[in-house]
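Let's walk through this protein together, starting with its overall build and ending at a few individual residues. Keep the viewer open as you read.

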Amino acid sequence: MDKLILRNGDAMPALGLGTWKSDPGEVYNVVREAIKIGYRHIDCAAFYGNETEIGQAFIDAFSSGDVKREDLWVTSKLWNNAHLKKDVRPALEKTLRDLRLDYLDLYLIHWPVALKPEVQFPSSTNDFLSLNDAPIAATWAGMEGCVKDGLSKHIGVSNFSIKKIKQLLDGCEIRPAVNQIELHPFHQQPTMLEFCNKEYIVVTAYSPLGSTDRPPQFKNPNEPSLFENTTIVKIASANGLSSAQVLIRWAIQRGTSVIPKSVNPARLKQNFDAAGISLSNEDMKKIAALEAKGRLITGKFWDAPELGYSLATLWDE
């Protein structure tokens with residue numbers, strides 16, 4: 001299994017299991033099966049609404065001898081309604097209770113957007129906190145406190161632009177270890193990857209297979225399909241692989257970690273096996289040519305310009 005080395009020398013498995021959209025009632029079996037197959041990196045988030053069931057899967061996997069806690073890499077994320085510095089630690093403590101763990105390996109700020117504490121998802125601009133009320137620097141200080149108190153070994157960010165990471169680096173005590181962002185052949189973000197490599201920040205690719213099962217409000221009309229793309233299909237056919245395996249291996253060979261989601265045992269195994277294959281330089285060049293700046297998760301649901309949130313300010317592009 002490929003591993004990515006963090007700035008302090010710790011190693012994060014390149015291939016992980018994504019749990020977004022894995023519903024309560026199915027995610028327990030998915031996590032148990034994934035661990036038995038060999039997955040050692042599980043990506044979670046409070047917002048996904050399934051951490052309690054994942055926690056039960058962890059406890060049962062530990063007690064059954066399937067894996068030791070120290071051999072498992074567990075990531076979770078701070079949701080937008082806990083960005084006030086005083087709310088960061090309680091949010092992480094709840095995640096730890098739900099996941100039945102004493103510590104996380106990695107805790108991420110899910111989005112650089114703040115909501116009022118009582119709001120789960122915004123329905124109007126009244127649901128947001130401005131960046132003056134909840135500055136990212138203060139949120140980050142709360143995250144740093146969690147590391148100092150032993151609640152998470154590492155901290156990082158998700159959906160952060162280069163500009164926002166630079167702002168953190170200018171004033172932080174503990175540098176972000178990871179930036180988790182949307183990455184796939186239609187949205188390759190080479191400039192971000194180059195920047196993060198230079199700063200020793202590991203990049204994790206979410207929605208690496210296109211996330212076709214995400215809710216309608218997260219979709220764009222007439223989206224192209226990664227699975228049906230002619231180049232991907234031809235490379236898969238020539239190598240005796242599935243399209244998903246090509247997409248996963250492409251992400252790993254670029255030097256990123258990748259967290260595909262599946263609830264199907266056969267596809268879980270197929271995805272895991274992608275870590276052991278290799279694509280040729282020619283295959284990688286062909287996939288690189290698919291770049292279309294085709295972001296799937298646009299972030300349009302965070303649009304509140306009067307409070308400083310817009311697509312322009314979110315991505316800084």
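Helices (H or I, at least four residues) and strands (E, at least two) are DSSP runs, numbered from the N terminus. By that count, the protein has 11 helices and 12 strands. Please keep in mind that this is a predicted model, where local features need pLDDT of at least 70 and side-chain atom pairs count only at pLDDT 80 or more, while totals for chains, interfaces and linings use all residues. Residues are numbered from 1 along each chain as its sequence is written, and side-chain values use heavy atoms, with hydrogens and water left out.

Let's take the overall dimensions next. The C-alpha atoms fill a box of roughly 55 × 45 × 35 Å along the principal axes. The radius of gyration, taken over C-alpha atoms, can be set against a globule rule of 2.2 Å times the number of residues to the power 0.38. For 317 residues a compact globule would come near 20 Å, and the protein's 19 Å agrees with this. Of these 317 residues, 56% count as buried, where buried means under 20% relative accessible area, exposed over 50%, and partly exposed in between (1.4 Å probe, protein chains only). A contact here means heavy atoms within 4.5 Å. Among contacts between residues at least 6 apart in sequence, 74% join residues at least 24 apart.

Now find the sheet. Two strands pair if DSSP finds at least two bridges between them. Eight strands form an open sheet with parallel pairing, in the order S3-S4-S5-S6-S9-S10-S11-S12. S3 and strand S12 (257-258) stand at the edges with a single partner strand each, so one side of each has no neighbour in the sheet. At the S3 end, two bridges link S3 in the parallel sense to strand S4 (residues 41-43), and Gly18 stands opposite Asp43 in S4. Further along, strand S9 (residues 155-158) runs parallel to S10, again joined by two bridges; there Ser158 has Gln180 in S10 as its bridge partner. How many residues of strand S10 (residues 178-182) are buried? Five of its five are, which leaves S10 mostly covered.

In helix H1 (residues 27-37), the buried residues are Val27, Val30, Val31, Arg32, Ala34, Ile35 and Ile37. Their cover includes strand S3 (17-18), helix H2 (51-63) and helix H9 (265-273). An α-helix has 3.6 residues a turn, so residues three or four places apart point the same way. After H1 comes Gly38, with a positive phi near 135 degrees.

Asn159, in the loop between S9 and helix H5 (162-171), has a phi of about 65 degrees. Lys293 has a phi near 50 degrees and sits in the loop between helix H10 (281-288) and helix H11 (311-315). Which of the words buried and exposed fits each? Asn159 is buried, at 2% relative accessible area, whereas Lys293 is exposed, at 69%.

Finish at Arg295, which lies in the loop between H10 and H11 and is buried at 13% relative accessible area. Leaving aside residues up to four places away in sequence, Arg295 touches Glu182, His187, Gln189, Asn220, Trp315 and Glu317. Asn220 is 75 residues from Arg295 along the chain, yet their C-alpha atoms are separated by 9.4 Å.
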